[in-house]
Amino acid sequence: MASTQVETGAAGHGAEPRGKRSDDGQATYLIAIAEALWEEMERDERVFMLGEDIGVYGGAFKVTEGFMDRFGPDRVIDTPIAEETIVGMAVGAAMEGYRPVAEFQYADFMSSGFDEITTVLSRYHYRSGVRLPVVLRGPSGGGVRASNFHSVNPEPWFAYTGGLKIICPAFPSDAKGLLKSAVRDDNPCMFLEHKALYRRIKEQVPEDPSVLVPIGAADVKRPGDDVTIVTYGAMVHKALEAAESLAARGVSVEVVDLRTVYPLDEDAVIRSIEKTSRALVLYESFHFLGIGAEVASVIAERAFEHLDAPVMRLAPPNHPVPFSPPLEDAFLPQVADIEAAVDRLSAW
Amino acid sequence: MATTVRSDAAANDRPLPDDQLRQMLATMKLARYVDERLEALYRQGRLPGAIYSGRGQEGTHVGVVSPLRASDSLFPTHRDLTAQLAKGLDLNRVLAQFWGRIDGYLRGRDGNSHIGDWAGSRTYAVMSHLPIAYPVAVGAAWAYQRAGDGRVALAICGDGATSNGRWHEAINWSAVQRLPVVWVVNNNQFAYSTPNEKEFAIPTIAERGAAYGIPGVRVDGADVLEVFGAARDAVERARSGGGPTLIESVSLRWRGHAGHDPAKYVPTELLEHYVASKDPVKNFERHLVELGIVDDDMLASMQADIERRFEEAHAFALDSPFPEPGDVDKGVWVEDGYWRSEPGRSGGTGAG
């Protein structure tokens, strides 16, 4: 599985054309997501999509370009700017047997639908047994100079509800297989697409529409012996870059990609710690109460006997994502920060 | 189209066959009795949890639900237990919910009037945030429009909930898409302690329909047939593709917001006036007596039946087991199968 830097760029505004697979059959992270949606829409008539500007415009990031022509405006619905009702509408439709996929133009706007997500969507099955096969999806994460309101990592807000499966893929194949699994899952799922990866990462992606990736299973993206980095999303790529650099200095890093942040694949994390005895939890949600805070607790509770050093965390501080490039770069963990953390762990 | 219209159903004092009118009265009298008995039990410390009385609003609740078919859906709030009984909820299982027993509709996962029966009577399980079910009704209505099956969604909220952003989002969206939904506001004039004049600056809620491009109708909640007439028109409009209607049914909240609330902020004269001359149950009973549709014997038998049903339901509830504590973590995800199995007594829910 190779990752290639395809292009750098800004937040993705503007009418970039939806790409195709490259001549050698590789798909970008964005195209892999579009393929997943297209295949699931073709497979099951009950699947439909709703969101702002997804139909006529093809979506702010062009994920859904071409969908309305193919599937029609009653299955690719342009909504008013009303996030509570985007979610509520998806819930009501799901209660009547449909399988909605609701797009949020930016994951930041999921908080505009907070009540319907946390009060209704995530709790309804526990209280009543009514199934809500709803997928909420949208572009999350920073590092693209999109500033306060277009860079959020909302997964901690919504992991706290306990009734939403939350998926944060780092690679195109994982993105495609996991989104397909989410659409087919009878539980509510939140699928967070890291926008920095949309067009920057491409790889060979399965063409067979029956290929799925299981929700709730982590994946070792790079085996190693000395230190474990547990991570997800765009940070996986920084971890891999750091690991490559550290290998040249004789430090063997194992990178565990969580892929799903709720429910957590605790066993996979613990297996890795049992092997390496040193853990760095690297995450883009805030240091305080972000996903890695839970992972670190789990490691401390379950792998104490195996640890040779304290569990270390590396994540941004608990405040808004700034705009100015040197500010944002200081805000986010960088490859150099990861290497320094691994060095400190190794020296313990 | 988008003006406040007073329904002329008041002129039609016999809009249904006699047996259906009798059934409406029986439902209203049952709901009234249930409300009074639950309050009594609550005050005696024999009812766990809270009560949210709908007394005095039976005209609204039974009036708007009566035109619905079994396959239509209802999106109520905590105060609309009467509407849920009218829609078809089983009193046994309702009381089991109040007492937190396994045979309650929500198996103890929620209590009192935070209840619903989607699999059976097509009612949404009430949530406290207001009006959180309005956006969900949009989704159900969209599904009916998409299927073209003529089904209708009907949502109820209170006067206070109309200040909330969700109320506006949902109604606006339903108008844009011309969805088969009826939006009912139970204006009982007080949202907890907050009177209408502190909730909105316009004289009526019904005239807000114009802001969304839909008809708005204001009816007297003390007259169940007036409410019924407006609701029937709205349901038929929705069913035939004419889009949403906003119905404001005006009554008074006779009791506090909840059982603990003495509601001293409700002017005494106002309450006395409503109890004396705007009691929807008494009014409808008198109306049916005048038309010869019920007589004293029928009323006595109706009351005896109601009291017997309550006693049976109360005994059923107290006899139903509590849920297993070990099951507390089950049922979050579909795959653990908790909701697919019956709880061991008759009347368990299946998956929705």
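Visitor: Is A:K221 buried or exposed, and what is its relative accessible area?

Guide: In this predicted model, A:K221 has a relative accessible area of 14%, and because buried means under 20%, A:K221 counts as buried.

Visitor: Where in chain A does A:K221 lie?

Guide: A:K221 belongs to strand β9 of chain A, which covers residues 219-222.

Visitor: And which side chains does the side chain of A:K221 make polar contacts with?

Guide: One of its partners is the side chain of A:D219, at 2.9 Å, and another polar contact, of 3.0 Å, links the side chain of A:K221 to that of A:D257.

Visitor: Switching to the two chains, how many residues does the contact take from chain A and from chain B?

Guide: Chain A contributes 41 residues to the contact and chain B contributes 40 residues. In chain B, the residues that lose the most area to chain A are B:W142, B:W173 and B:W333, which together make up 21% of what that side buries.

Visitor: How much area do chain B and chain A bury between them?

Guide: The two chains bury about 3600 Å² between them, and 61% of that is on carbon and sulfur atoms.

Visitor: What about salt bridges, how many are there between chain B and chain A?

Guide: There are 7 salt bridges between chain B and chain A, including one in which the side chains of A:D74 and B:R146 meet at 3.3 Å, N to O. The count of residue pairs in polar contact between these chains, with both residues at pLDDT 80 or more, is 24.

Visitor: Which helix supplies the largest share of the side of chain B that touches chain A?

Guide: That is α5(B), with 10 residues. Helices α5 (133-147) and α6 (165-177) of chain B each supply at least two residues of that side, and the residues of the side of chain B that touches chain A divide into 23 nonpolar, 7 polar and 10 charged.

Visitor: New topic: how many residues has the largest nonpolar core?

Guide: The largest nonpolar core has 110 residues, and those with the most contacts inside it are A:L136, A:I299, B:F75 and B:W183. Helix α5(B) gives the most to this core, with 10 residues.

Visitor: What does A:I299 touch, leaving out residues up to four places away in sequence?

Guide: With those residues left out, A:I299 touches several residues of chain A, among them A:V230, A:I270, A:F304 and A:V311.

Visitor: Which residues does the second, separate core include?

Guide: That second core has 37 residues, and A:A36, A:F61, A:F71 and A:I201 are among them.

Methods
Residues numbered from 1 in each chain as written. Chains lettered and ligands numbered in written order. Predicted model: local features only at pLDDT ≥ 70, side-chain atom pairs only at ≥ 80, totals over all residues. Heavy atoms only, no water. Contact = heavy atoms within 4.5 Å. Buried area = accessible area lost by both parts, 1.4 Å probe. Salt bridge = Lys/Arg side-chain N within 4 Å of Asp/Glu carboxyl O. Polar contact = N/O pair within 3.5 Å; in protein donor to acceptor, adjacent residues only side chain to side chain. Helix = DSSP H or I, 4+ residues; strand = E, 2+ residues; numbered from the N terminus. Nonpolar A, V, L, I, M, F, W, Y, C, P; charged D, E, K, R; others polar. Core = buried A, V, L, I, M, F, W, Y, C linked by side-chain atoms within 4.5 Å. Buried < 20%, exposed > 50% of the residue type's maximum accessible area, 1.4 Å probe, protein only.
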